[in-house]
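Subject: Structure handover, salt bridges

Hello,

Here is the structure for you to look through. My notes on its charged pairs follow below.

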Amino acid sequence: MKKIKICGITDKKEAGYLNEAGVDYAGFVLFFPKSKRNMEIERAKEIMALLDPHIKAVAVVVEPTAGQLDEIMEAGFDLVQIHGEMTDEVLSGIRIPMLKAFNVSDLSEFERYEKMDRVAGYVFDAQIPGSGTVFDWDMLQKLPKTEKLTFLAGGLDHGNVKDALAATGVDGVDTSSGVERADGNGKDPQKIYQFVNQVRSYQS
């Protein structure tokens, strides 16, 4: 069964939507004020506490410092999703599974992370993460095969997610703007349910 990650959770009621929909991962954007979905870590902990135990909480960060990673681990997140460059020194301090996010401009770094045991998987996203834009999925065919988890992100919604799965063969899909309300203010429960239904009914 394909994995489902809903990213950019910002409100307690959205935890209820994810519980009802039965998703696998919930993503929280931290330490990134440029994003409208950014939140304080204490607020994230309050929402995490409302998630069903089977839903894994993912801290989504951009080039975090060692101190920020310590806060994430102390807060009880199940995984950390990292965008951008990371020094070996900072990477060595991570004690929870990591998802390395790539956009279409930094796939050349793939093999570096493939060798790291602490890397549990990858998120392949568009040039500007969180922008809600689709990229050329054929690019992923050029990557070496991996036994680690693979997620596709970037402009996915209930209308294109089956095509995305068919085109890429990834293990899971990741959406944020694709399940937001029309005004972009928070998640739309109906869009979440539609997205989940499309993924769950997908037959490879």
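A residue counts as exposed when its relative accessible area is over 50%, and as buried when that area is under 20%. K36 has a relative accessibility of 56%, so K36 is exposed. Please keep in mind that this is a predicted model.

Now the salt bridges. The structure contains 11 of them. Side chains of opposite charge can pair when their charged atoms come close.

K36 is bridged to E180, with 3.4 Å between the closest N and O atoms. K36 sits in the loop between strand 2 (25-30) and strand 3 (38-39), and E180 in the loop between strand 9 (172-175) and helix 7 (189-200), so this pair ties together parts 144 residues apart in sequence. E180 has a relative accessible area of 6%, so E180 is buried.

E180 has another partner. Its side chain meets that of R37 in a salt bridge, at 2.7 Å from N to O. This pair also links distant parts of the chain: R37 lies in the loop between strand 2 and strand 3, and the two residues are 143 apart. Both R37 and E180 are buried.

These contacts belong to a network. K36, R37, E180 and K187 are linked in it by salt bridges.

One further pair is worth a look. D11 and K13 form a salt bridge through their side chains, at 3.4 Å from N to O. D11 is partly exposed, with a relative accessible area of 23%. K13 is partly exposed too, at 44% relative accessibility.

Best wishes

Key: Residues numbered from 1 in each chain as written. Predicted model: local features only at pLDDT ≥ 70, side-chain atom pairs only at ≥ 80, totals over all residues. Heavy atoms only, no water. Salt bridge = Lys/Arg side-chain N within 4 Å of Asp/Glu carboxyl O. Buried < 20%, exposed > 50% of the residue type's maximum accessible area, 1.4 Å probe, protein only. Helix = DSSP H or I, 4+ residues; strand = E, 2+ residues; numbered from the N terminus.
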